[in-house]
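This briefing concerns the sheet and the nonpolar cores of the model shown below. Please keep the structure in view while reading.

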Amino acid sequence: MKINIAYPATGNQKFFEIDDEKKLRTVYEKRISQEVPGEDLGEEFAGYIFRISGGNDKQGFPMKQGVLTNTRVRLLLKEGSSCYRTRRVGERKRKSVRGCIVGSDLAVLNLVIIKKGDAEIEGFTDVSVPKRLGPKRANKIRNLFNLTKEDDVRKYVIARTFEKKGKTITKRPKIQRLVTPVTVMRKKQRAANAKKALEHAKAEAATYTALVHKRIAEQKEARRSEISKRRSSRRASSKKE
């Protein structure tokens, strides 16, 4: 079985091949999120403590947290479920997933180091993988370089330089949530437009209400005149009789 061990402190990960059934038997029947002592997997992991984070069976089906079985099952999954990506809004689909209990049918088991031992693992814990990309958000750049709001964040963006077709190309990320005079002006303009639209809507509503009252008054006046005409015609007819 292949053991994929990740070390979040350095951002490094490495595959280890373990064929000894006696060592692998110590992780059988354990679930995702349970801890595994490093001594059970080999002498080089003495003092380490690992957490099971997942794995794949020999056919490539991933382990799913919460499925309490060591076999493969078919579940009806929806948006937000692990092991499934929706293609349409509201879509659900029945997918095959592997249970969260470790068994002998796994091809890869994923572990995460939660406690480091005394000895270094050569080429793994003693090697640090630098971050390829820096932060994009303005406040995160300020926190990284201890900047104030008066400092220009654009001067501190981490750039990436590489060679392509004999040319040196420099790439910088677009800063997110950067407050500039243009953004302040646009925000003021949006607020002014919203206020203007609200005042226009209130004026239109007042005009409409006045027009409705006027029409109602006209209808009442027409009704009164019609009733008065009927009464006068009745009085005239009664006098003739």
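In this predicted model, five strands form an open sheet in the order S2-S1-S7-S4-S3, and their pairing is mixed. Strands are DSSP runs of E with at least two residues, numbered from the N terminus, and two of them pair if DSSP finds at least two bridges between them.

**Sheet**
- Strand S2 (12-17) and strand S3 (35-37) are the edge strands, each pairing on one side only.
- On average, neighbouring strands of this sheet are turned by 35° against each other, direction ignored; the axes are lines fitted to C-alpha atoms, with angles from 0 to 180 degrees between N-to-C directions.
- Strand S1 (residues 2-7) pairs with S2 in the antiparallel sense, over 6 bridges.
- Lysine 14 in S2 is the bridge partner of isoleucine 5.

**Nonpolar cores**
- A nonpolar core is a set of buried Ala, Val, Leu, Ile, Met, Phe, Trp, Tyr and Cys residues joined through side-chain atoms within 4.5 Å, where buried means under 20% relative accessible area (1.4 Å probe, protein chains only).
- The largest nonpolar core has 26 residues, and those with the most contacts inside it are Ile5, Phe45, Phe50, Val102, Leu109 and Leu111.
- S1, strand S4 (49-57) and strand S7 (106-115) each give two or more residues to this core, and S7 gives the most, with 4 residues.
- A second, separate core of 5 residues includes Ala138, Val153, Val157 and Ile175.

**Basis of the values**
- Residues are numbered from 1 along each chain as its sequence is written, and side-chain values use heavy atoms, with hydrogens and water left out.
- Local features need pLDDT of at least 70, side-chain atom pairs count only at pLDDT 80 or more, and totals for chains, interfaces and linings use all residues.

Notes: Buried means under 20% relative accessible area, exposed over 50%, partly exposed in between (1.4 Å probe, protein chains only).
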